Amino acid sequence: MLDIDTSKERLSQSLAQIHQASKDLEEASPQDIIRYAHDLLGEGLTVTCSFSDAVLAHVASSAVPGIEIVLLDTQFLFAETHWFALELRNKFNLNLRVLEPLVQSENLWQTNLEGCCAARKVEPLQRLLSEKTGWVTGVRRADTPSRNTTPVITYDIVRNVIKVNPLAAMSDDDISLYERIHELPEHPLVDKGYSSIGCWPCTRPVGSDEDKRSGRWAGQDKIECGLHV
Ligand code: SF4
């Protein structure tokens with residue numbers, strides 16, 4: 001267990017301990033990583049989940065029943081994503097919280113992708129994490145080359161939280177195996193060629209020979225929404 005003061009004001013003073021914990025947990029199971037973070041941070045820990053698959057929601061709720069799981073609702077999510085999140089809430093008894101942006105009617109996705117993500121993803125996350133000390137994500141090293149050094153635990157200097165990536169070391173095959181072992185349902189759009197699922201204006205299906213995230217902001221010079229900096 002990290003020997004640190006987990007008050008929000010003093011998190012930044014424990015970088016060495018957080019780094020050591022990440023190394024110690026490198027071989028731990030995703031559930032054990034979340035339990036560790038929850039033992040450390042308690043109600044200060046939150047999980048954000050895109051609900052493009054069921055793995056993170058299952059891992060988190062089986063590790064810590066009742067843990068807060070947040071869907072950042074940009075208001076441009078596919079109807080199937082909302083449906084899937086509610087299905088998983090009922091199936092796994094999730095403590096699901098849906099967080100909406102402050103903006104309501106702007107259509108920045110047509111003219112300014114960065115501004116749109118800033119208003120509909122980054123600001124709500126910032127608002128959520130301003131009251132938290134730990135943030136669990138579904139980021140994996142296998143997602144993209146830019147994520148291939150993702151640590152299990154790190155300090156997010158922008159949001160002043162301990163960022164926990166319990167799936168960091170899982171390959172695509174590991175994810176598929178986990179889904180089969182636990183008989184997890186699949187997002188309905190996967191069957192239609194969507195391998196990475198975000199907002200409907202910025203997501204298209206991909207072919208079997210394409211990178212699985214190439215359907216996000218296709219044709220644009222953009223690979224991240226700004227949540228994971
Ligand atoms: S992914 Fe597209 S629609 Fe969604 S918040 Fe970002 S720019 Fe807007």
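Just after helix H2, Gly 42 takes a positive phi of about 55°, where helices (H or I, at least four residues) and strands (E, at least two) are DSSP runs numbered from the N terminus. The model is predicted, with local features requiring pLDDT of at least 70 and side-chain atom pairs counting only at pLDDT 80 or more, while totals for chains, interfaces and linings use all residues. Residues are numbered from 1 along each chain as its sequence is written, and side-chain values use heavy atoms, with hydrogens and water left out.

**Helix H2**

- The 12 residues of H2 should span 16 Å at 1.5 Å a residue, and the end C-alpha atoms of H2 are 17 Å apart, which agrees; the expected span of a helix is 1.5 Å times one less than its number of residues.
- Buried residues in H2 are Pro 30, Gln 31, Ile 33, Ile 34, Tyr 36, Ala 37, Leu 40 and Leu 41, where buried means under 20% relative accessible area, exposed over 50%, and partly exposed in between, with a 1.4 Å probe and protein chains only.
- Gln 31 belongs to helix H2 (residues 30-41) and counts as buried because its relative accessible area is 14%.
- Once neighbours within four places in sequence are left aside, Gln 31 is in contact with Val 59, Ser 62, Ala 63 and Tyr 178, contact meaning heavy atoms within 4.5 Å.
- Tyr 36, also placed in helix H2, has 15% relative accessibility and therefore counts as buried; its C-alpha atom is separated by 9.7 Å from that of Ala 63, 27 residues apart along the chain.

**Packing of H3 and H6**

- Two packed helices are described by the angle between their axes and the distance between the axes.
- The axes of helix H3 (residues 55-63) and helix H6 (residues 172-181) come within 10 Å and cross at roughly 65°; axes are lines fitted to C-alpha atoms, for helices over the stretch in contact, and angles run from 0 to 180 degrees between N-to-C directions.
- H3 passes H6 in a left-handed crossing, a term used if the near helix is turned anticlockwise from the far one by less than a right angle, and right-handed if clockwise.
- On the H3 side, Val 55, His 58, Val 59 and Ser 62 meet Ile 175, Tyr 178 and Glu 179 of H6.
- By class, this contact of H3 with H6 has 4 nonpolar, 2 polar and 1 charged residues; Ala, Val, Leu, Ile, Met, Phe, Trp, Tyr, Cys and Pro count as nonpolar, Asp, Glu, Lys and Arg as charged, and the others, Gly among them, as polar.

**Helix H5**

- For the 17 residues of helix H5 (residues 113-129), 1.5 Å a residue gives a span that should be 24 Å, and the end C-alpha atoms of H5 are 23 Å apart, which agrees.
- H5 bends by about 35° at Ala 119, the bend at a residue being the angle between axes fitted to the seven residues ending there and the seven starting there.
- The buried set in H5 consists of Leu 113, Cys 116, Cys 117, Arg 120, Lys 121, Pro 124, Leu 125, Leu 128 and Leu 129.
- These buried residues of H5 pack against strand E1 (45-48), strand E2 (68-72), strand E3 (95-99), strand E4 (134-136) and strand E6 (161-164).

- Lys 132 is placed in the loop between H5 and E4, and because its relative accessibility is 9%, Lys 132 counts as buried.
- The C-alpha atoms of Lys 132 and Glu 43 are separated by 8.0 Å, although the two are 89 residues apart along the chain.
- Leaving aside neighbours within four places in sequence, the contacts of Lys 132 are with Lys 8, Glu 43, Gly 44, Thr 46, Glu 68, Asn 160 and Val 161.
- Leu 227, in the segment after H6, counts as buried at 11% relative accessibility, and its C-alpha atom is separated by 8.8 Å from that of Cys 117, 110 residues apart along the chain.

- Gln 75, in the loop between E2 and helix H4 (79-92), has a positive phi of about 75° although it is not a glycine, and counts as partly exposed at 27% relative accessibility.
- Glu 183, in the segment after H6, has a positive phi near 50° and is exposed, with a relative accessible area of 65%.
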